[in-house]
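Subject: Structure for your review

Hello,

Here is the structure I said I would pass on. My notes on what turned up follow below it.

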Amino acid sequence: TLAYGGHPREALDLFRPAGPPAGLAVIVHGGYWMAFGREDFSHLAAGALALGWAVAMPSYPLCPEARIGAIVRALARAVDR
C-alpha cells in the first residue's frame with residue numbers, strides 16, 4: 001500500500017509482475033463514487049499481471065465527503081505518483 005495524498009483513502013496498491021512490466025494498467029474501482037475501495041477489487045489485477053503488466057489500484061475519497069472534481073484530482077495524483 002502506497003500513500004499518494006493526505007486523506008486516509010488516498011492510497012494505492014501496486015501489483016508487479018515477476019519480470020519487467022510490459023506497462024502499467026490503472027484500475028479505478030467502482031461503487032458509484034460512494035462505496036468500496038481498492039481492497040474490494042484487487043482480484044481484477046490478476047489478468048493484467050498474468051500478461052506481464054504492472055497494476056495500480058487506487059482508492060479515493062468518497063461522496064458525499066468529496067465531490068466528483070475532488071475525486072478526479074485525487075486519482076490524477078495517484079497516477080502522477
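**Phe36 and the loop between E3 and H1**

Phe36 is partly exposed, at a relative accessibility of 48%. Please keep in mind throughout that the model is predicted. Phe36 sits in the loop that joins E3 and H1. Its phi is positive, about 75°, although the residue is not a glycine.

Tyr32 belongs to the loop between E3 and H1 as well. Its phi is also positive, near 55°, and Tyr32 is not a glycine either. With a relative accessible area of 74%, Tyr32 is exposed.

**Aromatic pairs**

How many aromatic pairs does the count give? The count comes to 2 aromatic pairs. The ring centres of Trp33 and Tyr60 are 5.8 Å apart and the planes meet at 55°, so this pair is tilted. Trp33 is in the loop between strand E3 (24–26) and helix H1 (38–41), while Tyr60 is in the loop between strand E4 (54–58) and helix H3 (68–80), so the pair ties together parts that are 27 residues apart in sequence.

Phe36 comes back in an aromatic pair with Phe41, which is edge-to-face. The centres of Phe36 and Phe41 are 5.9 Å apart, with 85° between the planes.

**The sheet**

What is the order of the strands in the open sheet? The sheet has 4 strands in the order E1-E2-E4-E3, and the pairing is mixed. E1 and E3 are at the edges with a single partner strand each, so one side of each has no neighbour in the sheet.

The pairings, going across the sheet:

- E1 and E2 run antiparallel and are joined by 2 bridges; Leu2 stands opposite Leu12 in E2.
- E2 and E4 are paired in the antiparallel sense, over 4 bridges; Asp13 is opposite Met57 in E4.
- E3 and E4 are paired in the parallel sense, over 3 bridges; the bridge partner of Ala25 in E4 is Val55.

Is E4 enclosed or open to the outside? In E4, 5 of the 5 residues are buried, so the strand is largely enclosed by the rest of the structure. Both of its faces are covered. Ala54, Ala56 and Pro58 are buried on one side, and Val55 and Met57 are buried on the other.

**Helix H3**

H3 has 13 residues, and the distance from its first C-alpha to its last is 18 Å, close to the 18 Å expected at 1.5 Å a residue. Which residues of H3 are buried? They are Ile71, Ala74, Leu75 and Ala78. Viewed down the axis of H3, the buried residues fall within an arc of 95°, so they line one face of the helix.

The buried residues of H3 pack against E2 and E4. On the other side of H3, Arg73 and Asp80 are exposed.

Ala76 is another residue in H3, and it is partly exposed at 46% relative accessibility. Ala76 and Thr1 are 75 residues apart in sequence, and their C-alpha atoms are 17 Å apart in space.

Glu10 is in the loop between strand E1 (2–3) and strand E2 (11–15). Is Glu10 buried or exposed? Glu10 counts as buried, at 7% relative accessibility. Setting aside neighbours within four places in sequence, Glu10 is in contact with Leu2, Ala3, Tyr4, Gly5, Ser59, Pro61, Ala74 and Arg77. One of these contacts, Ala74, is also among the buried residues of H3.

The peptide bond from Cys63 to Pro64 is cis, with omega near 5°.

Regards

Technical notes: Residues numbered from 1 in each chain as written. Predicted model: local features only at pLDDT ≥ 70, side-chain atom pairs only at ≥ 80, totals over all residues. Heavy atoms only, no water. Phe/Tyr/Trp six-rings, centres within 6.5 Å; stacked < 30°, edge-to-face > 60°. Buried < 20%, exposed > 50% of the residue type's maximum accessible area, 1.4 Å probe, protein only. Contact = heavy atoms within 4.5 Å. Pairing = 2+ DSSP bridges. Expected span 1.5 Å × (residues − 1). Arc of directions from axis to C-beta.
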